[in-house]
Amino acid sequence: AKGNYVTVTEEDFEAAEPERTHTIEVEDFVDLDEVDPMHYVNTYWVAPQDTKGAAKAYALLRDAMDRKNRVAIARFVLRTKEHLVVIRPVNGALAVHTMLFPDEIVAASEVDGLPVRVKADPREVKMAEQLVESLTVKWNPKKYRDTYREKLLDVIKRKAKGEEIVTEPREKQADVVDLMAALEASIQATKSRKRTKKSA
């Protein structure tokens, strides 16, 4: 209750620790499309143990889930924390995604200003749809690079060669006031880029 406090000791934490095991306990199977990506945290690969029959059991589970578009909901203990996980077939292997429990996800209603109650103008929505459509491509993860990491590695290499690094001031970007003008400009720029690619 508010104003009441309980002192928790190291022994109390140890008493609450889950029992460490070397297994992943599957509880349910669900449709992959039903799992909201908001729950995902980290990804690991799972390999079968080097024992007789392990590889076959691994392959059976992988193929059955793949054919039925199902994922396994399971639990396992990593270090001292019990994790809820999703196990799913990916490229001939099984991947494990650690997940947030429902009470660990902050609801949008708990954030000031959300949900947004403003209704968008139908004409602006149409423009926004055109922009989304014009920028829609087939998903290719290799297209996206960690530019911060690349720049940092470049700085480290230059410093290793004895070069002095000078940080240049960044220009302050102006706030976009007219959304319609911004959308129209974005659509025109996208069309120009596509025409340039075709002519090349």
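## First stop: helix 3

This is a predicted model, and the tour begins by selecting helix 3, residues 122–134, whose 13 residues should span 18 Å at 1.5 Å a residue, a value that agrees with the 18 Å between its end C-alpha atoms.

Within helix 3, select Met 127, Leu 131 and Ser 134, which are its buried residues. Turn the view to look along the axis, and these three are found on the same side of helix 3, because they cover an arc of only 70° around that axis. On the other side of the helix, select Pro 122, Val 132 and Glu 133, which are exposed.

## Second stop: a pair within helix 4

Side chains of opposite charge can pair when their charged atoms come close. How many salt bridges does a search of the whole structure find? The search finds seven, and the remaining stops visit some of them.

Select helix 4, residues 147–160, and in it Asp 154 and Arg 158, which are four residues apart and therefore separated by about one helical turn. Their side chains meet in a salt bridge, with 3.2 Å from N to O. Asp 154 counts as partly exposed at 38% relative accessibility, and Arg 158 is also partly exposed, with a relative accessible area of 28%.

Next, select Glu 150 and Arg 145, whose side chains meet in a salt bridge with an N to O distance of 2.8 Å. Are these two residues buried, partly exposed or exposed? Glu 150 is partly exposed, with a relative accessible area of 36%, whereas Arg 145 counts as exposed at 56% relative accessibility.

Move on to Arg 62 and Asp 63, and display their side chains: the two form a salt bridge in which the closest N and O atoms are 2.8 Å apart. Asp 63 is partly exposed, its relative accessible area being 36%.

## Last stop: a network

Finally, select Glu 27, Arg 75 and Glu 82 together, and show their side chains, for here the three residues are linked in a network of salt bridges.

Methods
Residues are numbered from 1 along each chain as its sequence is written. This is a predicted model: local features need pLDDT of at least 70, side-chain atom pairs count only at pLDDT 80 or more; totals for chains, interfaces and linings use all residues. Side-chain values use heavy atoms; hydrogens and water are left out. A salt bridge is a side-chain nitrogen of Lys or Arg within 4 Å of a carboxyl oxygen of Asp or Glu. Buried means under 20% relative accessible area, exposed over 50%, partly exposed in between (1.4 Å probe, protein chains only). Helices (H or I, at least four residues) and strands (E, at least two) are DSSP runs, numbered from the N terminus. The expected span of a helix is 1.5 Å times one less than its number of residues. The arc is that of the directions from the helix axis to the C-beta atoms.
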